[in-house]
Amino acid sequence: MTRSASGCKQKEAALCAEFGDFGRAVEIYEQAAKSDAMDSTRRDNTKEHLFRAGLIRLAMNDVIGTKKQFDSYLSIDGSFGNSREFKLLDALLQALEEQDADAFAAAVEEFERINRLDDWKVALLYKAKQLVEEEPSLA
């Protein structure tokens, strides 16, 4: 895929996520990560694609599926597991699983001490945090 085509796909994925088509957005970012991981000129983009896909997965409210996908991210890029981005995703997933809004907020705050999150990422984190703050249903 050419750089311009890849850029168009990234914009499509971002828009899909903004408008709630999380499945399509994740598909695009995960495919981009796989493709970039195999291309030495674009390998540096892999971590960002996996991070974006992970944030979307957190907003999808599927803890079990998200855990499985996070494991698969490590097979795409073995160094991703040691990154600050992966550690944030993992901490947020744990907070979602435990319904711990304080732990969720603390993980984001810790990450932002070194890396600022852009508005797109903050919007997804807000959606994910709302899942933590929702009352569990009694049904």
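Guide: Asparagine 61 sits in the loop between α3 and α4 (63-76); helices (H or I, at least four residues) and strands (E, at least two) are DSSP runs, numbered from the N terminus. This is a predicted model, in which local features need pLDDT of at least 70 and side-chain atom pairs count only at pLDDT 80 or more, while totals for chains, interfaces and linings use all residues. Residues are numbered from 1 along each chain as its sequence is written, and side-chain values use heavy atoms, with hydrogens and water left out.

Visitor: What is the phi of asparagine 61?
Guide: Asparagine 61 has a positive phi of about 60°, and it is not a glycine. Most residues other than glycine have a negative phi. Glutamine 99, also not a glycine, has a positive phi near 55°. Glutamine 99 lies in the loop between α5 (84-98) and α6 (101-112).

Visitor: Why is glutamine 99 called partly exposed?
Guide: Its relative accessible area is 39%. Buried means under 20%, exposed over 50%, and partly exposed in between (1.4 Å probe, protein chains only). The value of 39% falls in between, so glutamine 99 is partly exposed.

Visitor: What makes leucine 58 count as buried?
Guide: Leucine 58, in helix α3, has 0% relative accessibility, which is under 20%, so the residue counts as buried.

Visitor: Which residues are in contact with leucine 58, leaving aside neighbours within four places in sequence?
Guide: Leucine 58 is in contact with Thr66, Phe70, Leu89, Leu92, Leu93, Leu96, Ala128 and Leu131, where contact means heavy atoms within 4.5 Å.

Visitor: How do you know that α2 is roughly antiparallel to α3?
Guide: The axes of α2 (residues 22-37) and α3 (residues 46-59) come within 8 Å and cross at roughly 160°. That angle makes α2 roughly antiparallel to α3, since angles under 35 degrees count as roughly parallel, over 145 as roughly antiparallel, 65 to 115 as roughly perpendicular and the rest as oblique. Axes are lines fitted to C-alpha atoms, for helices over the stretch in contact, and angles run from 0 to 180 degrees between N-to-C directions.

Visitor: Which residues of α2 and α3 meet?
Guide: In α2 they include Phe22, Val26 and Tyr29, and in α3 they include His49, Leu50 and Ile56.

Visitor: Why is the link between glutamate 12 and lysine 9 called a salt bridge?
Guide: A salt bridge is a side-chain nitrogen of Lys or Arg within 4 Å of a carboxyl oxygen of Asp or Glu. The N to O distance for glutamate 12 and lysine 9 is 3.4 Å, so the pair qualifies. Being three residues apart in helix α1 (residues 3-18), the two are separated by about one helical turn.

Visitor: What is the relative accessibility of glutamate 12?
Guide: Glutamate 12 has 28% and counts as partly exposed. Lysine 9, with a relative accessible area of 27%, is partly exposed too.

Visitor: Which arginine forms a salt bridge with glutamate 12?
Guide: Arginine 24 does, with the closest N and O atoms 3.3 Å apart. Arginine 24 lies in helix α2 and glutamate 12 in helix α1, so the pair ties together parts that are 12 residues apart in sequence. Lys9, Glu12, Arg24 and Glu27 are linked in a network of salt bridges.

Visitor: What makes arginine 113 exposed?
Guide: Its relative accessible area is 58%, which is over 50%, so arginine 113 is exposed.
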